[in-house]
Amino acid sequence: MKEENKPKEEHVVSNEAVKKDAKSLLKNVRSFMSELLDIREDTDRDSTIEAVKKDISFKGHNAWILIFSIFVASIGLNVSSTAVVIGAMLISPLMGPIVGIGLSLAINDIEMLRRSLINLAVMIILSVLTATIYFLISPITELTPELEARTYPTILDVLVAIFGGLALIVGKTKKGTMASVIFGVAIATALMPPLCTVGYGIAMGEPSYYTGAFYLFSINAVFIALSTFLVSKLLGFPMVKYANSKRRRFVAQMASLVALVVMIPSMFLFYNLYKTQVFNSATEEYVKEIIKYEGAEVVKLSQDYKTKNIDVYLIGALVPKQKIAEWYKGIREEENLKDVNLKIHQGSDQSSEMAAQLSSAVKSGILEDLYVNNQQALTDKNSQILLLEEQLTRLRSSGIPFVGLSEEVHVNYENIERFGFSNTINTDFKKADTIPVFFVQWNSKLNESSKRKEEAKLKNWIKLKYNLDTLSVARYPLIQN
């Protein structure tokens, strides 16, 4: 009986050992992850607060650095140089007031909040004014790709601002601030280019440019401040203490209210941009995968999330109405495109609508494709033209009425005793050319200087008379008997 119970007891002991090993492994993993991701112990809260306060002010050196960096960034945007724009962002002190706003809300420091808001306003005004002055005096007024990319925010800009802001405040709170993190965030969040684009829009008188660019800047600034606020709260930064309990409660309430005012619209903005991005991606995917017809090509796609309008422009073969009807039906079956209004524009549309809607960029792209595709044909045409010009020159030369010309030469040049003409073919081993040559034999009594003057006069006269580009006047070789 005891021998029968022994295997069962061993099985129970084995299960308990496995459970203990699993619990031990889980505990070790938790401990490892805690040590890996915990930043509380290495956080210097007091030094971080002092460093943030120091970076808020825009007086003196910081103001001049901001002005110069704005000029550099504007030049980079103006000539569409990414490297120059990145260099400007590295030297720009734009982050200070924005981080100050987030930290002051987290620790209920009303004085820091006031200073941060004032300096942020100064920073914006100074930056926009500097950029506007540059673009007013700049001879280059074209909207470059670098400028255009800063005229409206996308969901990617929001995500970059969120994670960039988190990286920035985490880097600032570490003992011995990580300068590389701060520089990297300055480049990634790109606060300066939108402000430069605001100046460009004002200088060009384009409201859509400066409103869209300022919208992008506001998103970046809000989410950097929001990220600072959240990390400061999680790391337990010490709250500012006030002797007056009523003032302490008032400051705490005001800080909470401002935080809510910032957070609620930010969440709505994030959701709206997310829905817009999903709509645009779904539209582009549908057009790329479904709007296909042999002999026809999509040259432009425009979509508007607010109106749910999608316009697709085609060139080439005409698409049958039945096929277009299939596209209309199919797009309403897509999950993210149920309420859209799809409109197909074809080359058969004789109204001016299609021509007006096709942007200059699309038109230039079509012309560029045509040029590239026909480059060889153009080269061949040029070669044929050159060949025909050479043949025309030969015909002109060979068509000289020599008898009539010789009679006039005899009357006008009494010292010429003999006169001749022939076409000679010359080559530099790259191309051949036919040159008319006129031979003369002068009176032996005429000196060399007079002969040269008469030859030059004869050459110019024949050129003018027969409209020749090139000719040569030579003397008969001496014939020895």
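This is a short tour of a predicted model, stop by stop.

**Ground rules**

Residues are numbered from 1 along each chain as its sequence is written. Local features need pLDDT of at least 70 and side-chain atom pairs count only at pLDDT 80 or more, while totals for chains, interfaces and linings use all residues; side-chain values use heavy atoms, with hydrogens and water left out.

**Whole chain**

Start with the cartoon view. The protein chain has 18 helices and six strands. These are DSSP runs numbered from the N terminus: helices are H or I with at least four residues, strands E with at least two. Of its 481 residues, 34% count as buried. Buried means under 20% relative accessible area, exposed over 50%, and partly exposed in between, with a 1.4 Å probe and protein chains only. Switch to the surface. The accessible surface comes to about 29,700 Å², and 59% of this belongs to carbon and sulfur atoms. Those areas come from the Shrake-Rupley method with a 1.4 Å probe; for residues, only the protein chains shown count as cover. Among contacts between residues at least 6 apart in sequence, 70% join residues at least 24 apart. A contact here means heavy atoms within 4.5 Å.

**The sheet**

Select β4, β5 and β6. They form an open sheet in the order β4-β5-β6, with mixed pairing. Two strands pair if DSSP finds at least two bridges between them. At the edges lie β4 (416–427) and β6 (472–475), each pairing on one side only. Neighbouring strands are turned by 30° against each other on average, direction ignored. Axes are lines fitted to C-alpha atoms, for helices over the stretch in contact; angles run from 0 to 180 degrees between N-to-C directions.

Compare the two pairings:
- β4 and β5 run antiparallel over eleven bridges. N423 stands opposite P436 in β5.
- β5 and β6 are parallel over four bridges. V440 stands opposite R475 in β6.

Zoom in on the β4–β5 hairpin. Four residues lie between the strands, and F429 takes a positive phi near 70°.

**W442**

Stay in β5 (residues 432–442) and select W442. Its relative accessibility is 6%, so W442 counts as buried. Show its surroundings. Beyond neighbours within four places in sequence, W442 is in contact with N415, I416, E417, K451, E454, E455 and R475. Its side chain makes a polar contact with the side chain of E455 at 3.1 Å. Such a contact is a pair of N or O atoms within 3.5 Å; within protein, one must be able to donate a hydrogen and the other to accept it, and residues adjacent in sequence count only if both atoms are side-chain atoms.

**Helix α13**

Move to residues 321–331. I324, W327, G330 and I331 are buried in α13. Look down the axis: the buried residues fall within an arc of 125°, so they line one face of the helix. The arc is that of the directions from the helix axis to the C-beta atoms. Turned away from that side are the exposed residues K321, Q322 and K329.

**G96**

Finish in helix α5 (residues 95–107), at G96. G96 counts as buried because its relative accessibility is 11%. Not counting residues up to four places away in sequence, G96 touches D55 and I56.
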